[in-house]
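Look at the sequence and the model shown here. The report below goes through some features that can be read from the atoms.

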Amino acid sequence: MKVFITCDIEGITTTTRWDEVDITNHADKTQYHADQMTREVVAACEGAIAAGATYILVNDAHDWGTNIDVTKLPDCCEVIRSWSGHPYDMADGCDSSFDAAVFLGCHAPAGHPGNPLSHTMTRNPFWMKLNGVSCSEFYLYSYACACEGVPTVFLQGDRALCEMSKDLHPKLQTLAVKEGKGAYTKSIAPSLAVRLTGEGVMNALKQDLSGALCTLPKHYVFEVCYKEHPQALKMSYFPGFEAVDAHTIRLETDDLFDILTACKFIL
């Protein structure tokens with residue numbers, strides 16, 4: 001079994017403030033959280049191996065992509081660090097050879113109160129919607145995996161994202177390790193999160209994965225509402241988009257790749 005694992009940091013057990021995830025400017029405050037990210041990824045890898053995985057590709061998918069302590073990963077793992085620029089972004093490296101995808105450390109989308117660190121890709125959008133639904137990074141990039149024929153079977157992150165995403169994939173299992181209210185987070189114990197992540201990944205991969213692949217929409221309506229109206233005007237000129245109002249632009253397409261590509265430029 002080949003398993004693809006991608007991990008962000010705003011949805012892991014310990015993070016609450018922006019300076020705790022800003023590795024460039026606050027390395028002294030982020031190291032503990034990068035260590036916890038590593039522990040949760042390692043637990044997921046061990047759970048995958050227990051379920052029969054013989055090869056695991058890990059995508060370090062936060063900030064510069066150099067958060068995970070790669071010396072802790074099992075021998076059957078390879079890891080993607082930093083970014084190629086491919087539109088698959090957090091799902092970069094996933095292809096049709098994989099049996100399943102796992103998402104860790106994921107967070108609520110832009111504009112959602114379920115996490116004080118809620119955003120989608122950057123902090124520029126006030127909200128984003130895909131086919132009328134609040135658009136998280138998980139929504140976009142688990143669909144990217146589906147474009148390759150790879151089902152997403154496990155999601156770990158904040159409670160808000162887990163609840164809004166549970167019906168996106170037929171056999172998706174979720175683990176909420178924290179929840180947000182205003183500027184606070186309430187988290188389970190980090191050691192418990194590590195154990196439950198390993199168990200959750202193992203159980204998700206032990207499922208009969210036939211029928212686990214979602215059916216992708218045949219048409220997409222993608223909307224981005226920016227906090228700053230000058231940015232909305234500027235981005236409305238990106239090919240395929242139109243202005244909806246002073247803060248909002250929209251793209252309609254039958255190809256998800258058009259949206260994933262646009263996200264590399266308009267956010």
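## The largest pocket

In this predicted model, helix H6, residues 256-266, gives the most to the lining of the largest pocket, with four residues. The lining has 21 residues altogether, and those that lie nearest the centre of the pocket are His 62, Asp 63, His 119, Met 121 and Thr 122. The volume of this pocket is about 560 Å³.

What kinds of residue make up the lining of the largest pocket? Ten of them are nonpolar, eight are charged and three are polar. Rolling a probe the size of a water molecule over the atoms shows where empty space is left.

## The nonpolar cores

In soluble globular proteins, nonpolar side chains tend to be buried together. The largest nonpolar core in this model has 46 residues. Leu 140, Tyr 141, Phe 222, Ile 259 and Ile 266 are the members that touch the most other members. Several elements give two or more residues to this core: strands E4, E5, E10 (220-226) and E12 (248-253), together with helices H2 (137-147), H3 (159-165), H5 (229-235) and H6. The most comes from H2, with eight residues.

Which residues is Ile 259 in contact with, leaving aside its neighbours within four places in sequence? They are Leu 130, Leu 140, Tyr 220, Phe 222, Leu 251 and Thr 253.

## A buried glutamine

Gln 231 has its place in helix H5. Is Gln 231 buried or exposed? Its relative accessibility is 18%, so Gln 231 counts as buried, the cut-off for buried being under 20%.

Leaving aside neighbours within four places in sequence, Gln 231 is in contact with Asn 124, Tyr 226 and Ile 266. Gln 231 and Ile 266 are 35 residues apart in sequence, and their C-alpha atoms are 8.8 Å apart in space. Ile 266 is also one of the residues that touch the most other members of the largest nonpolar core.

## Salt bridges

The structure holds six salt bridges. One of them joins Glu 179 and Arg 159, with 3.4 Å between the closest N and O atoms. Because Glu 179 lies in strand E8 (residues 173-181) and Arg 159 in helix H3, this pair ties together parts that are 20 residues apart in sequence. Both partners are partly exposed: Glu 179 has a relative accessible area of 30%, and Arg 159 has a relative accessibility of 36%.

Another salt bridge is formed by the side chains of Glu 199 and Arg 195, at 3.3 Å from N to O. Here the two residues both lie in helix H4 (residues 190-206), four residues apart, which is about one turn of the helix. Glu 199 is partly exposed at 33% relative accessibility, and Arg 195 is partly exposed with a relative accessible area of 47%.

How far apart are the closest N and O atoms in the salt bridge between Arg 250 and Glu 242? They are 2.9 Å apart. Arg 250 has a relative accessible area of 24% and is partly exposed; Glu 242, at 38% relative accessibility, counts as partly exposed too.

## Residues with a positive phi

Most residues other than glycine have a negative phi, and most peptide bonds are trans. Ser 82 is a residue other than glycine with a positive phi, near 70°. Where is Ser 82 placed? Its place is in the loop between strand E3 (77-80) and strand E4 (100-106). Ser 82 has a relative accessible area of 31%, so Ser 82 is partly exposed.

Asn 131 also has a positive phi, of about 50°, although it is not a glycine. Asn 131 lies in the loop between strand E5 (125-130) and strand E6 (133-134). The relative accessible area of Asn 131 is 31%, and Asn 131 is therefore partly exposed.

Note on methods. Residues numbered from 1 in each chain as written. Predicted model: local features only at pLDDT ≥ 70, side-chain atom pairs only at ≥ 80, totals over all residues. Heavy atoms only, no water. 1 Å grid on protein atoms, 1.4 Å probe; cavity = no way out; pocket = protein on both sides within 12 Å on 5 of 7 lines; lining within 4 Å. Points joined across faces, edges and corners; volume = space filled by probe spheres on them. Nonpolar A, V, L, I, M, F, W, Y, C, P; charged D, E, K, R; others polar. Buried < 20%, exposed > 50% of the residue type's maximum accessible area, 1.4 Å probe, protein only. Core = buried A, V, L, I, M, F, W, Y, C linked by side-chain atoms within 4.5 Å. Contact = heavy atoms within 4.5 Å. Salt bridge = Lys/Arg side-chain N within 4 Å of Asp/Glu carboxyl O.
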